[in-house]
Amino acid sequence: MTGLSVGEKLFIQGGIAQDLRTDGRKRLTYRPIYVETGVIPQANGSARVRLGGTDVIASVKAEIGRPSPMQPDKGKVAIYVSCSPTAAPMFEGRGDEELSAELSIALQRCLLGGKSGAGAGIDLSSLVVVEGKVCWDLYIDGLVVSSDGNLLDALGAAVKAALSNTGIPRVQVAADTTGEDQPEVDISDEEFLQFDTSNLPVIVTLTKVGRHYIVDATSEEESQMSSAVSISINRRGHTCGLSKRGGAGLDPSVILDMISVAKHVSEQLMNKLDSEISAAEAIEDDS
Amino acid sequence: MAGKASATPATYSPSPATRKGKPTIYKDGDRDWVRPDGRGFQQCRPAFFRTGAVNAASGSAYAEIGNTQVIVSVFGPRESKKAMMYSDVGRLNCNVSCTTFSTPIRGQDFDQGSDHKEYSSMLHKALEGAIILESFPKTTVDVFALVLESGGSDLPVIISCASLALADAGIMMYDLVASVSMSSLGSDLVIDPISEEESYQDGSLIISCMPSRYEVTQLTITGEWSTNKINEAMQVCLDACGKLGKIMRSCLKEATSATSE
């Protein structure tokens, strides 16, 4: 991790205590977000999100598959994150496994909702083509290109942008679907259906440094954290997932306080992200 | 192990009614549904703990909560591997595995694959805040958990059992870690769900806390929750953690008084 001197550590901690961080932000201010969509032509949807020095790419690929027998009326979504060694030398080889798995699980928890599919940001029943036989499998892949803290929030934003950029081809099913056989499908390469992303939550990570907590921590600030709580919140202000990192215990009342702060912050982030995404889409359409 | 458990019916008696899974008659809007094992919504299953389950380990514990049976061994502290960098705090290494016969369908957990890794990392996160890692620099403590039978709320049972095994091994801790989960089914909240309830759940909340310090070491939420619901669920769970902590504490006391006799 970043090697910091005692003076630098104190400077960061002191700044956070005084609500003036090293880069001039307040505790609850995000770095500027830049969104680019359609960065990967081969994917059905893709987006790149930059948040200060953090740079992530998310891509969405849709493939025809079979629904699982347990849930015949739902499509399947897989979310994976990988960290490129271009971001940091320690990600080389299998060095990224631990972080990648942690980020993947956190994203799955935040976006996919409960086991029955309730509260999921992605409506799985909209992915079904023929119940029990044909559905879309969505593969959502996140890539960390450059890392300067707050990867989860950036990945969450990138997935949201990539999904709103996603067009799923319209499918024509052959008429005789009564038999046991797998029905034949005809995938259109001209007509695309837009994906409904209005229910997708945003992820807000609150990092606790000293007695205060901050949003959008840089990696220097993250090295000073005692614990961090990532909360995903949808437009209705409901919590869709929560995970905690870092060892130090937290008082239950602090966690509840964090949830209400995250709720407040998420509204601003959601609006900012939406306008960035639509701006990015407009640029893409022009070119 | 089951023989041991039935020998002490004062703390735990296996109820044969829960052995066979009945189809849940839970429907949306039905306010008076009964849980498959007849418990109240805020009633935990009876818990049985015993330390010293494995002789070769520095410390070990066995937990049986309802049908869920877990065994945890702790080895160490031992010297960290040479490849590891120098560290002035101790390392904690956690591993969770399931037996192939732990689930109704053999090896069910294996095709999901990630479950073990996920549990291992969650166990690590839940415990690291409670252990005084400074007390064993340059060394590693291994925590190996084995799920003998998966009967729902597996992870909370593993976490509680592991903290008991750590205490049995004499690893310095701030407090025991007690863990409880809660499922949201429709508009209802049920504590300590069994597998059947977990498969229907709309959301889950797992909380691990140090009861005497009243601090949360780990909290995970899935599914959609309103703030009020989280509030309510946390209160109920923390309350249950406190009670579970007392049972774990008394188990440790029993073990030491038995050896001193």
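Is A:Arg109 buried or exposed? Keep that residue in mind while we look around this structure, which is a predicted model. With a relative accessibility of 9%, A:Arg109 counts as buried, because the cut-off for that word is under 20%.

So what does A:Arg109 pair with? Its partner is B:Glu118, and the closest N and O atoms of the two are 3.1 Å apart, which makes a salt bridge. A:Arg109 sits in helix H2 of chain A (residues 97–112) and B:Glu118 in helix H3 of chain B, so this pair joins two chains. As a general idea, side chains of opposite charge can pair when their charged atoms come close.

Let's step back and take in the whole boundary. On the chain B side, 30 residues are in contact with 31 residues of chain A. Together the two chains bury about 2,500 Å², and 56% of that is on carbon and sulfur atoms. Between chain B and chain A there are two salt bridges, and ten residue pairs are in polar contact across the interface, both residues having pLDDT 80 or more. Which parts of chain B give two or more residues to this side? They are helix H3 (114–128), helix H5 (195–200), strand E9 (215–225) and helix H6 (227–260). Strand E9 of chain B gives the largest share, eleven residues. Sorted by class, the chain B side has ten nonpolar, twelve polar and eight charged residues.

Now follow strand E9 of chain B across the boundary. It is joined by three bridges to strand E12 of chain A (residues 239–245), and the two run antiparallel.

A:Asp137 lies in strand E6 of chain A (residues 134–146) and A:Lys76 in strand E4 of chain A (residues 76–83), so the pair ties together parts that are 61 residues apart in sequence. A:Asp137 is buried, at 9% relative accessibility, while A:Lys76 is partly exposed, at 32%.

Over in chain B, B:Arg213 forms a salt bridge with B:Glu215, with the closest N and O atoms 3.6 Å apart. Here B:Arg213 is partly exposed, with a relative accessible area of 40%, and B:Glu215 is buried, at 19%. Finally, back in chain A, a network of salt bridges links A:Arg21, A:Asp23, A:Arg25, A:Arg31, A:Asp148, A:Asp216 and A:Glu221.

Notes:
Residues numbered from 1 in each chain as written. Chains lettered and ligands numbered in written order. Predicted model: local features only at pLDDT ≥ 70, side-chain atom pairs only at ≥ 80, totals over all residues. Heavy atoms only, no water. Contact = heavy atoms within 4.5 Å. Buried area = accessible area lost by both parts, 1.4 Å probe. Salt bridge = Lys/Arg side-chain N within 4 Å of Asp/Glu carboxyl O. Polar contact = N/O pair within 3.5 Å; in protein donor to acceptor, adjacent residues only side chain to side chain. Helix = DSSP H or I, 4+ residues; strand = E, 2+ residues; numbered from the N terminus. Nonpolar A, V, L, I, M, F, W, Y, C, P; charged D, E, K, R; others polar. Pairing = 2+ DSSP bridges. Buried < 20%, exposed > 50% of the residue type's maximum accessible area, 1.4 Å probe, protein only.
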